[in-house]
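Colleague: Please show me the model. I have some questions about how the chain is put together.

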Amino acid sequence: MFVRISLMMSALLLVFISVGCGNGGENNNNNNTNTQGRNLGCNSVASTTKETFSEADLEKLSKMTDAEFQKTELTVMGACTLSYGEIKDATGKALSKLPLQEDFSMVLKLTGEGCDKYEIKLAEDTLSVGKKTGAATAIMPCHGHGMPTGPVLTKQSDGSYLLEGMKFSMPEWWRFYLDVTDGTNTERAIFNIYVDF
Ligand SMILES: [Cu+2]
């Protein structure tokens with residue numbers, strides 16, 4: 001058996017997230033040059049604690065539009081789409097966008113023909129660089145840390161998954177990792193997320 005891990009760079013923020021991602025405003029604080037994009041937060045920590053990305057990757061990410069960040073399409077195992085939505089705070093109140101420094105939950109759905117045979121799992125080993133603190137479900141690639149909480153993923157009766165106990169401790173660029181598996185092969189799905197101030 002082999003585990004095929006595809007790093008599929010794609011979309012992020014949910015369909016429901018409307019505003020939010022303004023243009024980051026802050027001009028050019030990335031460690032890449034010549035961009036006028038979002039501040040990804042990549043220049044504020046020692047290089048030993050962050051993952052390595054090419055200048056081209058960072059520039060592309062910093063220039064993603066609101067619509068691109070809000071996209072939910074993610075091809076998984078070839079023909080499925082993984083998306084997330086129904087963001088709620090700890091009291092169950094619906095939120096219009098990903099919150100900062102606040103516990104929240106979200107619903108994950110895997111759609112597409114035949115895709116109900118796959119299972120979604122938390123990705124446990126994503127934090128391969130930097131400080132191994134926090135949960136690995138979401139990390140800040142340029143800071144090398146995860147979330148302060150340990151999310152719990154539960155399959156619901158309608159086939160969707162409830163991901164509870166999420167919390168973004170800082171704004172800017174995060175990556176959100178989930179594994180999709182058929183029991184033999186596993187594909188890692190990556191969402192790029194931009195959390196606003
Ligand atoms: Cu951080």
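## Strand partners and confidence

Modeller: In β3, Cys80 is the bridge partner of Val76. This is a predicted model, in which local features need pLDDT of at least 70, side-chain atom pairs count only at pLDDT 80 or more, and totals for chains, interfaces and linings use all residues. Residues are numbered from 1 along each chain as its sequence is written.

Colleague: How many bridges join β2 to β3?

Modeller: Strands here are DSSP runs of E, at least two residues long, numbered from the N terminus; helices are runs of H or I, at least four residues long. Two strands pair if DSSP finds at least two bridges between them. β2 and strand β3 (residues 80-89) run antiparallel, and the bridges joining them number 2.

Colleague: Which are the edge strands of the open sheet?

Modeller: The open sheet has 5 strands with antiparallel pairing, in the order β2-β3-β4-β9-β8. Each edge strand pairs on one side only; the two are β2 (75-76) and β8 (152-155).

Colleague: Why is β10 largely enclosed by the rest of the structure?

Modeller: A residue is buried if 20 or more other C-beta atoms lie within 10 Å of its own, with C-beta atoms placed from the backbone. Strand β10 spans residues 172-181, and it is largely enclosed because its buried residues number 9 of the 10.

Colleague: Which residue in β10 is the bridge partner of Glu119?

Modeller: Strand β5 (residues 119-122) pairs with β10 in the antiparallel sense, over 4 bridges. The partner of Glu119 in β10 is Thr181.

Colleague: What share of the contacts with a separation of 6 or more comes from residues 24 or more positions apart?

Modeller: Two residues are in contact if their C-beta atoms, placed from the backbone, lie within 7 Å. The chain has 2 helices and 11 strands. Of its contacts with a separation of 6 or more, the share from residues 24 or more positions apart is 60%.

Colleague: Where does pLDDT stay under 50, with 91 contacts beyond four places in sequence?

Modeller: pLDDT is the predictor's confidence in each residue, from 0 to 100. The chain has a mean of 73, and 68% of its residues reach 70 or more. One stretch below 50 is residues 128-134, with 18 contacts beyond near neighbours in sequence. The stretch with 91 contacts is residues 1-35.

Methods
Buried ≥ 20, exposed ≤ 12 C-beta atoms within 10 Å, placed from the backbone.
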